[in-house]
Amino acid sequence: MWYYEKKLQYPVKVSTCNPTLAKYLIEQYGGADGELAAALRYMNQRYTLPDKVVGLLTDIATEEFSHLEMIATMIYKLTKDATPEQMKEAGLADHYVNHDKALFYQNAAGVPFTASYIQAKGDPIADLYEDIAAEEKARATYQWIIDMSDDRDLNDSLIFLREREIVHSLRFREAVEILKDDRDTKKIF
């Protein structure tokens, strides 16, 4: 189904070791509005959507997995040289005790990822509105992380991710209009 190109969708550069910033980014790794939840949500919903928009969900789900890879790379780069004391100062002591510096699907508060983050109603328009909301929440979270970051190199990648969330939201809005137009047309049998 996929062709994996062994490079990130967009380059990830980090200026310095910064476990605090990594803690914020963990929200986009395993949080309710993060990349894993989005990828799984869209991959799951595609089975109950009309053929006219199935490809869109597959494409965006695939891209969300590439964003997850970027976030994982950011977190790794921000923590790989951190001392246990730096991890503790960043509020990651519990994470360090349980996982060392390994990535773990959780949010910034340390709450593990759960399948309850993956919404699916089975109504195409309801699901697409859920997807629009998910993209807008991810966009907002990226902006807030950028606001907290003083790492220009990292912010470049975060800005890229934020802009992709905007594009996804617009594409989902287009899909809603396609389905509304289809629903409102007279059908003669």
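This is a predicted model: local features need pLDDT of at least 70, side-chain atom pairs count only at pLDDT 80 or more; totals for chains, interfaces and linings use all residues.
Colleague: Which residues have the most contacts inside the largest nonpolar core?

Modeller: In soluble globular proteins, nonpolar side chains tend to be buried together. A nonpolar core is here a set of buried Ala, Val, Leu, Ile, Met, Phe, Trp, Tyr and Cys residues joined through side-chain atoms within 4.5 Å. Buried means under 20% relative accessible area, exposed means over 50%, and partly exposed lies in between (1.4 Å probe, protein chains only). The largest such core has 26 residues, and Leu25, Ile71, Met74, Leu154 and Leu158 have the most contacts inside it.

Colleague: Which elements give two or more residues to this core?

Modeller: They are helix 1 (19–30), helix 3 (51–79), helix 6 (124–148) and helix 7 (152–184). The largest share, 7 residues, comes from helix 3. Helices are DSSP runs of H or I with at least four residues, numbered from the N terminus. A second, separate core of 18 residues includes Met43, Val54, Leu56 and Val176.

Colleague: What does Leu154 touch, leaving aside residues up to four places away in sequence?

Modeller: Contact means heavy atoms within 4.5 Å. By that criterion, Leu154 touches Lys13, Val14, Leu21, Leu25, Met74 and Leu78.

Colleague: How many residues of helix 2 are buried?

Modeller: Helix 2 (residues 35–45) is mostly covered, with 9 of its 11 residues buried. These include Glu35 and Arg41 as well as Leu36, Tyr42 and Met43. The cover includes helix 1, helix 3, helix 6 and helix 7.

Colleague: At what angle do helix 2 and helix 3 pack?

Modeller: The angle is about 160°, with the axes 8 Å apart. Helix 2 and helix 3 are therefore roughly antiparallel to each other, and helix 2 passes helix 3 in a left-handed crossing. Among the residues of helix 2 in this contact are Leu36, Ala39 and Met43; in helix 3, those they meet include Ile60, Phe65, Leu68 and Ile71.

Colleague: How many salt bridges does the structure hold?

Modeller: Side chains of opposite charge can pair when their charged atoms come close. A salt bridge is taken as a side-chain nitrogen of Lys or Arg within 4 Å of a carboxyl oxygen of Asp or Glu. The structure holds 10. One of them joins Glu136 and Arg139 (2.8 Å, N to O). Both lie in helix 6, 3 residues apart, about one turn of the helix. Glu136, at 23% relative accessible area, is partly exposed, and so is Arg139, at 28%. Together with Arg173, Glu136 and Arg139 are linked in a network of salt bridges.

Colleague: Where do Glu177 and Lys180 lie?

Modeller: Both are in helix 7, again 3 residues apart, and their side chains meet in a salt bridge (3.9 Å, N to O). A further salt bridge joins Glu5 and Lys7 (3.3 Å, N to O); Glu5 is partly exposed at 41%, whereas Lys7 counts as exposed at 56%.

Colleague: What is the phi of Asp100?

Modeller: Most residues other than glycine have a negative phi. Asp100 has a positive phi of about 55° although it is not a glycine. Asp100 is found in the loop between helix 5 and helix 6 and is partly exposed, with a relative accessible area of 42%.

Conventions:
Residues are numbered from 1 along each chain as its sequence is written. Side-chain values use heavy atoms; hydrogens and water are left out. Axes are lines fitted to C-alpha atoms, for helices over the stretch in contact, and angles run from 0 to 180 degrees between N-to-C directions. Angles under 35 degrees count as roughly parallel, over 145 as roughly antiparallel, 65 to 115 as roughly perpendicular and the rest as oblique. A crossing is left-handed if the near helix is turned anticlockwise from the far one by less than a right angle, and right-handed if clockwise.
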